[in-house]
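Keep the structure open while you read.

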Amino acid sequence: MHIPIQINENSAEPLYSQIENQLRSLIITGQVKEGTLLPSIREFAGNLSCSVITVRRVYQDLENEGLLRTKQGTGTFVAQVGIDKKEVYKQGAVREALTQAVKVGKSVGSTRKELEHWFSEVMNEFYTEKEETEK
């Protein structure tokens, strides 16, 4: 199975973290379905042009979080993740990103009003009123 992960070699974020965050997001959003057999560590590392150790770490971290499960001799599968757990991950990811944005804003001297205005502008770039009324 092809897992759509994009690696940015120029990013300050470590490679394993880029892979782990993207794979976690794909699982949480249901883009990679529960029960899906993931590529072997060696195959996935080859596809991403990275070390087997990197992919092993990603799989182990996500297994420790309960997002993956490994069956000896069969492979690594996406675990069944409940709605509550998905919401916790979703909220955590968004809060972390917003926290970083606010920290950057404060570090460059932005006011609360400025940040709220820019946040609103960015939200409007990604969401239309029609999308919101359909939910």
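Arginine 57 and aspartate 61 both sit in helix α3, four residues apart, which is about one turn of the helix. (Helices here are DSSP runs of H or I with at least four residues, strands are runs of E with at least two, and both are numbered from the N terminus.) This is a predicted model, in which local features need pLDDT of at least 70 and side-chain atom pairs count only at pLDDT 80 or more, while totals for chains, interfaces and linings use all residues. Residues are numbered from 1 along each chain as its sequence is written, and side-chain values use heavy atoms, with hydrogens and water left out.

**Charged pairs**

Arg57 and Asp61 form a salt bridge, meaning a side-chain nitrogen of Lys or Arg within 4 Å of a carboxyl oxygen of Asp or Glu. By that rule the count is six salt bridges. Three of them are listed here:

| Pair | Closest N and O atoms |
|---|---|
| Glu20 and Arg24 | 2.9 Å |
| Arg24 and Glu65 | 2.6 Å |
| Arg57 and Asp61 | 3.9 Å |

Shared partners join Glu20, Arg24 and Glu65 into one network. Glu20 and Arg24 are both in α1, four residues apart.

Glu65 is partly exposed at 23%. The cut-offs are under 20% relative accessible area for buried, over 50% for exposed and in between for partly exposed (1.4 Å probe, protein chains only).

**Around α2**

In α2, Phe44, Ala45 and Leu48 are buried. They cover an arc of only 100 degrees around the axis, so they lie on the same side of α2; the arc is taken from the directions from the helix axis to the C-beta atoms. Arg42 and Asn47 are exposed on the other side. Cover for the buried residues includes α1 and α3. Leaving aside neighbours within four places in sequence, Phe44 is in contact (heavy atoms within 4.5 Å) with residues including Ile3, Leu23 and Tyr59. Just after α2, Ser49 takes a positive phi of about 55 degrees.

**Beyond the pairs**

Tyr127 lies in the loop between α5 and α6 (129-134) and is partly exposed, with a relative accessible area of 37%.
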